[in-house]
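Please look over the sequence and the model shown here before reading the notes below.

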Amino acid sequence: MDATAPLRNYLKETGLHDFDEQGRGARENGVKLDAYLLSETGAVETKASLYKPEAKPTKDGDPRIWIYGLPAYAEADDMLALTEHEGRIAVINLTQVDVAHVLDVRQSGPLWDIMKEIGAEATSIADELLGKLRLIAAGGYVPSVMETRADTAIGRTLESALGIEMNARREPDYKGIELKSYRRKKKSQENRKQLFAKVPNWEISKFNSMTDVLDAFGYYRDGRDRLNCTVSAANINSQGLTFELDEKAGILNEVSKTTNDGAFASWYLSELREALKAKHAETFWVGAKVHPIDGREHFEFTDVIHTRKPIGSQFDILVEQGEITMDHMMKRLDSGRAYERGPSFKIGAGSLDLLFPPSKTYALA
């Protein structure tokens with residue numbers, strides 16, 4: 001089978017194999033890894049061959065993975081899941097293996113051990129934080145720490161209630177757990193959820209700074225030059241901007257379709273995946289209903305979605321599909337340079353399950 005970009009990224013992230021460092025030729029440079037084929041009751045040990053075919057005059061030839069014994073384990077059009085476990089590749093036939101039965105009924109065997117690790121129970125710190133959030137929710141509506149409505153009001157109010165001092169930190173908010181809060185709405189109306197902020201890698205970009213971006217694509221509004229827009233690989237926005245992935249180079253490009261600038265800002269996809277893993281190793285996504293009382297917002301904290309261990313190899317796919325987008329929130333300061341509250345990478349509210357292993361949802365009241 002073709003070793004697609006998400007699989008290659010995953011094998012590299014887990015330390016199993018790096019196709020970038022591998023020479024061409026199955027015989028000369030092929031690598032064999034231990035693997036096993038999982039059923040509901042057991043596992044069959046096997047090998048996986050990873051290689052890059054010899055280059056042809058018209059193309060290089062895509063990297064390949066060959067799992068020994070696969071014809072006896074899977075049929076055409078079956079869906080396979082590959083995951084690393086104890087230094088080996090575990091193969092699960094999602095079409096033929098009843099994973100739900102293993103999780104809910106059998107609860108034993110090699111597949112159960114792997115699924116238990118993927119969906120590990122909350123840590124003691126998570127239990128501690130959940131208890132504090134339930135105490136806050138039991139106290140009723142919490143008045144906003146800000147006099148006017150602002151996007152950051154919920155997060156600052158929640159941190160204040162937890163006794164967390166506001167600062168410009170990059171590390172997670174509560175003893176290793178990242179806190180993200182959002183205004184609870186009907187599912188069809190829920191806003192995207194912020195993942196992380198990451199400026200382009202200027203060493204590989206055509207432009208040299210966010211000021212260059214504002215100069216090229218900004219507009220004048222409310223007394224200042226500004227650029228507030230969403231960039232997606234699925235469409236071209238009103239400023240003529242879109243995303244394009246260069247999978248071969250491992251780069252995400254922000255591209256102008258209405259000027260001669262072309263690809264003007266770039267990120268290494270590996271650096272974006274690392275930012276995701278660092279920011280969201282463990283996250284509480286706290287939902288709140290908003291109640292205006294006497295001219296000030298009050299928050300009713302209602303529930304928590306608890307996620308762990310984002311699937312880095314999914315990031316590229318979700319960007320390409322337009323499920324992960326990026327917001328520019330930029331204005332020109334009096335000094336003439338641009339101030340950017342981003343670039344902020346966000347995910348659609350309904351796509352969290354595509355980026356994280358099975359999550360847990362807790363009611364706070």
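This is a predicted model: local features need pLDDT of at least 70, side-chain atom pairs count only at pLDDT 80 or more; totals for chains, interfaces and linings use all residues.

Residues are numbered from 1 along each chain as its sequence is written, and side-chain values use heavy atoms, without hydrogens and water.

Helices (H or I, at least four residues) and strands (E, at least two) are DSSP runs, numbered from the N terminus. Helix H1 spans residues 5–13, and its buried residues (under 20% relative accessible area, 1.4 Å probe, protein chains only) are Ala 5, Pro 6, Leu 7, Asn 9, Tyr 10 and Leu 11. These buried residues pack against several elements, including strand E2 (43–51) and helix H9 (312–320). Just after H1, Gly 15 has a positive phi of about 80 degrees.

Helices H5 and H6 form a packed pair, with axes 10 Å apart at an angle of about 105 degrees. Axes are lines fitted to C-alpha atoms over the stretch in contact, and angles run from 0 to 180 degrees between N-to-C directions. The two are therefore roughly perpendicular (65 to 115 degrees). Contact means heavy atoms within 4.5 Å.

| Helix | Residues | Contact residues |
|---|---|---|
| H5 | 124–138 | Leu 129, Lys 132, Leu 133, Ile 136 |
| H6 | 153–162 | Leu 158, Ala 161, Leu 162 |

An open antiparallel sheet has 3 strands in the order E11-E12-E13. E11 (241–246) and E13 (263–268) each have a single partner strand, so one side of each lacks a neighbour in the sheet. Strands pair if DSSP finds at least two bridges between them; E12 (residues 251–256) and E13 are joined by 5 bridges.

Note on methods. Angles under 35 degrees count as roughly parallel, over 145 as roughly antiparallel, 65 to 115 as roughly perpendicular and the rest as oblique. Buried means under 20% relative accessible area, exposed over 50%, partly exposed in between (1.4 Å probe, protein chains only).
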